[in-house]
Amino acid sequence: MHEGVYREFEETIAAGERIEPRDAMPPEYRATLIRQIAQHAHSEIIGMQPEANWITRAPSLRRKAILIAKVQDEAGHGLYLYGAAETLGARRDELLDRLHAGRQKYSSIFNYPTLTWADVGAIGWLVDGAAIVNQVPLCRCSYGPYARAMTRICKEESFHQRQGYELLLALSHGTEEQHEMAQDAVNRWWWPSLMMFGPPDGESPRTERSMAWKIKRHTNDELRQRFVDIVVPQAASLGLTLPDPLLRWNEERGHHDFGPIDWAEFHAVLRGEGPCNAQRLGQRRRAHEEGAWVREAAAAYAARHAARPAGRAA
Amino acid sequence: MNGPATGGPGRATGVVPEAAGAAGTTAGTASGTTEDAALALGDDALVLSHRLAEWAGHAPALEEEVALANLALDLLGQARTLLTMVGDEDRLAFCRQERAFRNVQLVEQPNGDFAHTIARQLYFSTYQELLWEQLAAGDGPFAPLAAKAGPETAYHRDHAVTWTLRLGDGTRLSRERMQRAVDALWRYTGELTRPVAGLAGVDWAALAAGWAERVGATLRAATLTVPEAPARAVWSAGGGRQGIHTEPFGRLLAEMQHLHRSHPGARW
């Protein structure tokens, strides 16, 4: 049945062209995209929390300005992405409800705590670095609005990654205490960053179909390898060590080998057993609930004033 | 050593002239240096920026995350320009004691609920917009900044006005909360129209009148009552400019300064 109705869709995909909101698309394609875009949007807004944790303690005014701007960008990314999901017929408030009810996920990386100022740098360098590797191919995703949102987001993410690198560079070459702070942060964020690419290819059930639809362009393991290869020389120029004794260049493969990832930890955090799952979701729910009266007031005001005749005497 | 940077903060600066009633007097005062004035205006912007940034991750809607961060960033930019006129911005922000800060007490008031944040912003941005208008029209040391900050501040005020209308004229609950906020912060507004030491060429009476007119019009349009009490000339008004702050301010500084102070001499 699909062949007839969705022939145009299949042809568009095959030709490497974009699917746009009004085009016919298989319900599974739509559902997959809504789930993925929503999860991505949720990650942006939950991801504000670990960094916002340091805004009020930023150690210089320049760093404070950069950090406020970065956290603001993440809110903006959330807006673009919820907007992209809305082009598929989803509603932002419903997606948020699903997040708050724990029925939709966000990136597990944000369930780790930011314990020192250096964590802000490690998030920028490693977490945003991993996000870029994941997201650059999405700029060529088959769904137009998502691809366009990602193009914009990737530009800002690369600024985020540079500021993280630069922050760590200052710490690494600073006092002994600052250097230790930077190394400690990298030690804690390295493995969770590698987990950001998702389970190994054999255990990633949706990869194949997403690749056929050109939503996804590379497998999890390919992207993870690309990230490792990018980051290893950067760590060296930072003067910091990546906490993996098995990490070494493999001449034959033309890639770095790295040690085994603790997938038990990954699945535990995914199940909600990470150090900050309850805290992150709790804060998100609280902000939403405590803001309800504000949103209701805005809606009531808009409704009343839309109903009023134009040019009211007041 | 956490002593003063160059200029004012360490010595007994910011001698505010005797209060001349809520409406202030006519001509601007020059009994102080440009640095004194830069410090006062810079601290206003620095401290309010800090409070606004505390909203990150807690705002009632995603659009407000973006908007409040915008305000915080604009104010932080203004603060950096102003503090740099006085000395090293980071030494001034992170190494002064509470009594050396010259900001008005209004800006240090805790965020409270969203209505309190909006009321605080309405009061402050209305004052700041009027001040920038006057300073931009002159040729004093603050004219270039005032010209640049004016449009930013007009947006801040517009944001606050829009929300005052929505909350005041929204639901019964939002109206109650907005009125409560407007009332609670009223006592801190007298200080806004007091002459700032070292800031010449400001017609404070005109500023006070403009402030009362604009704020009054907004509150009335929002179906709110313009507070009549407490008197805006109570003793607390004028305190901030002399380094007399309110209790929550010490905690704000403790949080803001702790990391910087924990690593003396470090670069970030």
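The legends below describe close-up views of a predicted model.

**Figure 1**
Over all chains, the count of aromatic pairs comes to 13. In one of them, the ring centres of Y123(B) and W211(B) lie 5.6 Å apart and the planes meet at 45°, so this pair is tilted. The pair joins distant parts of the chain, since Y123(B) belongs to helix 5 (residues 114–137) of chain B and W211(B) to helix 8 (residues 204–221) of chain B, 88 residues apart. Both Y123(B) and W211(B) are buried. W211(B) also forms a tilted aromatic pair with W186(B), with 5.7 Å from centre to centre and 45° between the planes. Here too distant parts of the chain are linked: W186(B) lies in helix 7 (residues 172–186) of chain B, 25 residues apart from W211(B) in helix 8 of chain B. W186(B) counts as buried because its relative accessible area is 7%, under the cut-off of 20%. W211(B) has a relative accessible area of 1% and is likewise buried.

**Figure 2. An aromatic cluster in chain A.**
Which residues do ring pairs link into a cluster? The members are F9(A), Y29(A) and W213(A).

**Figure 3. Arginine charges over aromatic rings in chain B.**
R96(B) places its charged end over the ring of F101(B), at 4.0 Å from the ring centre. R187(B) lies over the face of Y188(B), and the distance to the ring centre is 5.7 Å.

**Figure 4. The surroundings of R157(B).**
R157(B) is part of helix 6 (residues 143–168) of chain B. Is this residue, R157(B), buried or exposed? R157(B) is buried because its relative accessible area of 19% falls under the cut-off of 20%. When neighbours within four places in sequence are left aside, the contacts of R157(B) are S125(B), T126(B), E129(B) and R214(B).

**Figure 5. The largest pocket and its lining.**
The volume of the largest pocket is about 1300 Å³. Its lining comprises 49 residues, and those nearest the centre of the pocket are Q39(A), N134(A), M196(A), F197(A) and G198(A). Several helices of chain A each supply at least two lining residues, among them helix 7 (118–135), helix 8 (144–172) and helix 9 (176–195). Helix 10 (207–212), helix 11 (220–238) and helix 12 (263–273) of chain A are also included in this group. Helix 3 of chain A gives the most to the lining of the largest pocket, namely seven residues. By residue class, the lining of the largest pocket consists of 20 nonpolar, 17 polar and 12 charged residues.

**Figure 6. The second largest pocket, lined by residues of chain A and chain B.**
The second largest pocket holds about 470 Å³ of space. Of the 20 residues that line this pocket, D90(B), H260(B), A266(B), R267(B) and W268(B) lie nearest its centre. Helix 5 (61–86) of chain A, helix 3 (89–94) of chain B and helix 9 (247–262) of chain B each contribute at least two residues to the lining of the second largest pocket. Helix 3 of chain B gives the most, with three residues. The lining of the second largest pocket is made up of 10 charged, five polar and five nonpolar residues.

**Figure 7. The largest cavity and its lining.**
The count of cavities of 30 Å³ or more comes to three. The largest cavity contains about 90 Å³ of space. It is lined by 13 residues, and A53(B), A56(B), E65(B), L68(B) and A69(B) are the closest to its centre. At least two lining residues of the largest cavity come from each of helix 5 of chain A, helix 1 (34–53) of chain B and helix 2 (62–86) of chain B. The largest share, four residues, belongs to helix 2 of chain B. The lining of the largest cavity divides into 11 nonpolar residues, one polar residue and one charged residue.

**Figure 8. Positive phi at K214(A) and T223(B).**
Most residues other than glycine have a negative phi. K214(A), although not a glycine, has a positive phi of about 60°. This residue, K214(A), is placed in the loop between helix 10 and helix 11 of chain A. With a relative accessibility of 24%, K214(A) is partly exposed. T223(B) is not a glycine either, and its phi is positive at about 60°. The loop between helix 8 and helix 9 of chain B holds T223(B). T223(B) counts as partly exposed, its relative accessible area being 35%.

Note on methods: Residues numbered from 1 in each chain as written. Chains lettered and ligands numbered in written order. Predicted model: local features only at pLDDT ≥ 70, side-chain atom pairs only at ≥ 80, totals over all residues. Heavy atoms only, no water. Phe/Tyr/Trp six-rings, centres within 6.5 Å; stacked < 30°, edge-to-face > 60°. Buried < 20%, exposed > 50% of the residue type's maximum accessible area, 1.4 Å probe, protein only. Lys NZ or Arg CZ within 6 Å of the ring centre and 35° of its normal. Contact = heavy atoms within 4.5 Å. 1 Å grid on protein atoms, 1.4 Å probe; cavity = no way out; pocket = protein on both sides within 12 Å on 5 of 7 lines; lining within 4 Å. Points joined across faces, edges and corners; volume = space filled by probe spheres on them. Nonpolar A, V, L, I, M, F, W, Y, C, P; charged D, E, K, R; others polar.
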